[in-house]
Amino acid sequence: MENKITVQDILSLKGTRKITMLTAYDYPLGSLIDRAGIDMILVGDSVANVVLGLDSTTKVGMTEMLHHAKAVTRAVKHALVIGDMPYDSYQVNPQESLKNARRFITEANCEAVKLEWFDRCLEVTEKIIQAGIPVMGHIGLTPQTAEKEGGFKVRGKDAEAAQRLIEQAQALEKLGCFSIVLECVPDKISQIITQRLKIPTIGIGAGVHCDGQVLVTYDLLGLFERFTPKFVKKYINLSPLILKAIQDYKLEVTEEKFPAPEHSFLIKEEELKKLDI
Ligand code: KIV
């Protein structure tokens with residue numbers, strides 16, 4: 001497809017301008033994000049929290065992720081679309097990881113996959129990259145294992161933990177990842193990682209020094225009301241606007257103001273007269 005952003009384009013953006021990435025889970029938002037010129041669209045497993053009302057990203061599997069990914073890729077003409085590998089597709093079943101990564105490419109038409117750091121991350125990442133599938137890494141706060149690793153907190157706050165993050169980033173780069181998400185990492189540590197890597201870093205709660213930024217779109221649109229992480233900036237608060245529109249609709253239906261004549265279909269009087277009633 002003409003003008004489709006490639007992994008190579010993302011790599012060459014490092015040091016030239018900031019890279020933009022947002023999440024999408026369906027056709028309408030996928031299309032709007034694409035038309036706004038965002039570089040990468042992540043079909044994130046955050047769909048579990050922000051769309052499906054679940055309390056953990058580990059509760060979505062391949063069926064849900066492929067369903068959403070297909071809707072997004074149908075809409076997107078330019079952005080690079082990345083499928084977020086759900087927890088059980090590679091952490092519970094590392095032996096199934098390549099097969100599942102391939103499904104994002106062949107069935108859902110994604111161009112790359114993302115996976116979160118876990119104890120067998122390097123082995124799984126290597127297998128997927130060697131099969132020719134571009135991989136985006138994800139280190140720092142990794143929501144799929146956050147409970148097990150001490151909760152939803154900033155990572156890399158002491159020298160030992162920060163050192164580990166730097167080593168993880170370098171190991172992922174060495175394996176051939178084309179970029180790495182840094183989630184909830186002190187800005188100075190993101191800066192060090194960003195300076196040391198040749199591949200772009202994409203931050204979420206990781207400060208201004210990353211090569212790019214990602215947010216969960218429902219957060220920036222004010223469509224997720226359960227909680228707002230410190231790193232989120234709401235660019236608009238859509239929930240009250242949508243609520244008001246739905247309340248207006250309800251009122252107009254009950255007061256018989258909707259549908260108005262312009263929303264109704266007419267039949268000619270002479271045709272009505274022919275009815276046998
Ligand atoms: O699932 C998701 O939305 C993510 C982003 C927060 C990076 O992994």
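**Entry 1. Ligand surroundings**

I looked up the ligand and found Thr-23, Leu-42, Gly-44, Asp-45, Ser-46, Asp-84, Lys-114, His-138, Ile-204 and Val-216 around it, a residue being counted as near if one of its heavy atoms lies within 4 Å. I note that this is a predicted model, in which local features need pLDDT of at least 70, side-chain atom pairs count only at pLDDT 80 or more, and totals for chains, interfaces and linings use all residues. Residues are numbered from 1 along each chain as its sequence is written, and side-chain values use heavy atoms, with hydrogens and water left out.

A side-chain N or O atom of Ser-46 is 2.5 Å from a ligand oxygen. For Asp-84, a polar side-chain atom lies 3.1 Å from an oxygen atom of the ligand. For Lys-114, the distance from a side-chain N or O atom to a ligand oxygen is 3.0 Å. The protein covers 95% of the 260 Å² of accessible area that the ligand has on its own, by the Shrake-Rupley method with a 1.4 Å probe.

**Entry 2. Helix pairs**

I took helices as DSSP runs (H or I, at least four residues) and strands likewise (E, at least two), numbered from the N terminus. Axes are lines fitted to C-alpha atoms, for helices over the stretch in contact, with angles from 0 to 180 degrees between N-to-C directions.

The axes of α7 (residues 121–130) and α8 (residues 159–175) come within 9 Å and cross at roughly 20°. These two helices are therefore roughly parallel, the term for angles under 35 degrees; over 145 is roughly antiparallel, 65 to 115 roughly perpendicular, and the rest oblique.

For α6 (residues 97–106) and α7, the axes come within 9 Å and cross at roughly 50°; the pair is therefore oblique.

**Entry 3. Backbone exceptions**

Most residues other than glycine have a negative phi, and most peptide bonds are trans. I found a cis peptide bond from Phe-258 to Pro-259, with omega near 0°. Pro-259 lies in the loop between α11 (238–254) and α12 (269–273). Asn-109 has a positive phi of about 65° and lies in the loop between α6 and β4 (112–114). Cys-184 has a positive phi near 50°, and its place is in the loop between β6 (179–183) and α9.

Key:
Polar contact = N/O pair within 3.5 Å; in protein donor to acceptor, adjacent residues only side chain to side chain.
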